[in-house]
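The following questions and answers examine one protein model.

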Amino acid sequence: MGRGSSIGGIIIAVWLIIGVIAAGQRGYFNSDDANCAKAGTIVVTIIAGPLNYAGLNPKIDCRLPEPSK
């Protein structure tokens, strides 16, 4: 593990920080409404990182199966 892995870790950290900033700017952290779709959207927005500023606006729609009766 040399200098390359250190630079790679820094790049990934900066990428994710930019994603958190984008999610914050979109107001995803402001509401008390917590559900699967909201959590999924926050996660993919953070993973998308700088791509959010290139026009990517990821959304997740969770449709969980209903329990059987």
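Q: In which helix is L16 found?
A: Helices are DSSP runs of H or I with at least four residues, strands are runs of E with at least two, and both are numbered from the N terminus. Under this scheme, L16 is found in helix α1.

Q: On what basis is this model described, and from which number does residue counting start along each chain?
A: This is a predicted model, in which local features need pLDDT of at least 70 and side-chain atom pairs count only at pLDDT 80 or more, whereas totals for chains, interfaces and linings use all residues. Side-chain values use heavy atoms, with hydrogens and water left out, and residues are numbered along each chain, as its sequence is written, from 1.

Q: Why does L16 count as partly exposed?
A: Buried means under 20% relative accessible area, exposed means over 50%, and partly exposed lies in between (1.4 Å probe, protein chains only). L16 counts as partly exposed because its relative accessibility is 35%.

Q: Which helix supplies the largest share of the nonpolar patch?
A: Both α1 (3-25) and α2 supply at least two residues each. The largest share, 3 residues, comes from α1.

Q: What is the radius of gyration of the protein chain?
A: The chain has 2 helices and 0 strands, and its C-alpha atoms fill a box of roughly 55 × 30 × 20 Å along the principal axes. The radius of gyration is taken over C-alpha atoms, and the globule rule is 2.2 Å times the number of residues to the power 0.38. A compact globule of 69 residues would have a value near 11 Å, but the protein chain has 16 Å.

Q: What percentage of the residues in the protein chain is buried?
A: The chain exposes about 5200 Å², of which carbon and sulfur atoms supply 65%. Of its 69 residues, the buried share is 20%.

Q: Is I46 buried or exposed?
A: I46 has its place in helix α2. Leaving aside neighbours within four places in sequence, I46 is in contact (heavy atoms within 4.5 Å) with W15, L16, G19, V20, A23 and F29. The C-alpha atoms of I46 and I17 are 7.6 Å apart in space, although these residues are 29 apart in sequence. Because its relative accessible area is 18%, I46 is buried.

Q: Which residues does F29 contact, leaving aside its neighbours within four places in sequence?
A: F29 has its place in the loop between α1 and α2 and is partly exposed, with a relative accessible area of 45%. F29 and A39 are 10 residues apart in sequence and 9.7 Å apart C-alpha to C-alpha. Beyond those sequence neighbours, the contacts of F29 are V20, A23, G24, I42 and I46.

Q: Why does T41 count as buried?
A: T41 is found in helix α2. Apart from neighbours within four places in sequence, T41 is in contact with Y28, P58, K59 and I60. T41 counts as buried because its relative accessibility is 7%.

Q: How far from the backbone oxygen of Y28 does a polar atom of the K38 side chain lie?
A: K38 lies in helix α2 (residues 36-48). Leaving aside neighbours within four places in sequence, K38 is in contact with G27, Y28, S31 and D33. The polar atom of the K38 side chain and the backbone oxygen of Y28 are separated by 3.2 Å.

Q: What C-alpha to C-alpha distance separates D32 and P50?
A: D32 lies in the loop between α1 and α2 and counts as exposed at 79% relative accessibility. D32 and P50 are 18 residues apart in sequence, and in space their C-alpha atoms are apart by 26 Å.

Terms used. A polar contact is a pair of N or O atoms within 3.5 Å; within protein, one must be able to donate a hydrogen and the other to accept it, and residues adjacent in sequence count only if both atoms are side-chain atoms. Accessible areas come from the Shrake-Rupley method with a 1.4 Å probe; for residues, only the protein chains shown count as cover.
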